[in-house]
Amino acid sequence: MEDKDLYDEINSIKKIMERSTKFISLSGLSGILAGGYALIGAGIGYEIIYGNGILRGGYSIDIQLFSIALIVLLLSITTGIALTARKAHRKGQTVWNQSSRALLKNGLLPLLTGGAFILILLLHADYHIIAPSCLIFYGLALAAASQYTYGDVKWLGITEIILGLLAMLLPGYGLLFWALGFGVMHILYGSIMYFKYDRENNAD
């Protein structure tokens, strides 16, 4: 009985320390929805490029694909912020705290660098490495920010980097790897996060 009480006390201390040093209000459901948005966007992109069995390209196609990617990004960010804020509120925490600021600070540099790099690729019409670059820089951002949140985020980041490198080795399959990385992996990651953390918190 004493061992159980000691274990419970240690576990409580661990949770308190984790709340003070890590941002643990990330929503698994937001990951699932972001993956869904990405798969829908990839499906629309596929129809634009390969519709009627004809490979199409050109400036107008690039603009359409860029617009779809931007819409997916905005939807994912909006959903992520809304669901994370709701989860933080339920746990009596604030979204903007020391841990979330540290997470954002560490993840922002790779994201901004990647965004600038992708814009340069667009200017030079190097479209075939845009999808791999998105995956690689996004993965680097997740890995860099993971020390301030759940450790699962690091593994998602590593997976995104690997998919990005594979996409570099297999030109012509960028849209497929984009769908795998931002779609399938987000749904898988979000599901794991939901059943591992969110459902437990909802039960409490």
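How many Å² does the accessible surface of the chain come to, and what share belongs to carbon and sulfur atoms? The accessible surface is about 12400 Å², and 69% of that belongs to carbon and sulfur atoms. Accessible areas come from the Shrake-Rupley method with a 1.4 Å probe, and for residues only the protein chains shown count as cover. This is a predicted model: local features need pLDDT of at least 70, side-chain atom pairs count only at pLDDT 80 or more, and totals for chains, interfaces and linings use all residues. Residues are numbered from 1 along each chain as its sequence is written, and side-chain values use heavy atoms, with hydrogens and water left out.

**The whole chain**

- The chain has seven helices and zero strands. Helices (H or I, at least four residues) and strands (E, at least two) are DSSP runs, numbered from the N terminus.
- Read from the N terminus, the elements run α-α-α-α-α-α-α.
- The chain has 204 residues, and 36% of them count as buried. Buried means under 20% relative accessible area, exposed means over 50%, and partly exposed lies in between (1.4 Å probe, protein chains only).
- Take the contacts in the chain with a separation of 6 or more: residues 24 or more positions apart account for 76% of them. Contact means heavy atoms within 4.5 Å.

**Helices H4 and H5 side by side**

- H4 covers residues 98-123, and H5 covers residues 130-145. Their axes come within 7 Å and cross at roughly 170°.
- Axes are lines fitted to C-alpha atoms, for helices over the stretch in contact, and angles run from 0 to 180 degrees between N-to-C directions.
- H4 and H5 are therefore roughly antiparallel to each other. Angles under 35 degrees count as roughly parallel, over 145 as roughly antiparallel, 65 to 115 as roughly perpendicular and the rest as oblique.
- On the H4 side, the residues that meet H5 include Leu 103, Gly 107, Pro 110, Phe 117 and Leu 122. On the H5 side, Ile 130, Cys 134, Phe 137, Ala 141 and Ala 145 are among them.
- The residues of this contact divide into 15 nonpolar, five polar and no charged. Ala, Val, Leu, Ile, Met, Phe, Trp, Tyr, Cys and Pro count as nonpolar, Asp, Glu, Lys and Arg as charged, and the others, Gly among them, as polar.
- Ile 120 is found in H4. At 45% relative accessibility, Ile 120 counts as partly exposed. Ile 120 and Ile 130 are 10 residues apart in sequence and 9.9 Å apart in space, C-alpha to C-alpha.
- Ile 129 sits in the loop between H4 and H5. Not counting residues up to four places away in sequence, Ile 129 touches Leu 121 and Met 168. Ile 129 and Pro 171 are 42 residues apart in sequence, yet 7.7 Å apart in space, C-alpha to C-alpha.

**Inside H5**

- H5 has 16 residues and reaches 22 Å from its first C-alpha to its last, close to the 22 Å expected at 1.5 Å a residue. The expected span of a helix is 1.5 Å times one less than its number of residues.
- Buried residues of H5 include Ile 130, Pro 132, Leu 135, Phe 137 and Leu 142.
- Gly 139 is found in H5. Gly 139 is buried, with a relative accessible area of 0%.
- Gly 139 touches Gly 157, Glu 160 and Ile 161, not counting residues up to four places away in sequence. Gly 139 and Leu 111 are 28 residues apart in sequence and 9.2 Å apart in space, C-alpha to C-alpha.

**Inside H6**

- H6 has 18 residues and reaches 26 Å from its first C-alpha to its last, close to the 26 Å expected at 1.5 Å a residue.
- Buried residues of H6 include Val 153, Leu 156, Gly 157 and Ala 167.
- Asp 152 lies in H6, which covers residues 152-169. At 17% relative accessibility, Asp 152 counts as buried. Its contacts, not counting residues up to four places away in sequence, are Tyr 189, Ile 192, Met 193, Lys 196 and Tyr 197.
- Glu 160 also lies in H6. At 0% relative accessibility, Glu 160 counts as buried.
- Leaving aside neighbours within four places in sequence, Glu 160 is in contact with residues including Leu 135, Tyr 138, Gly 139, Phe 182 and Met 185.
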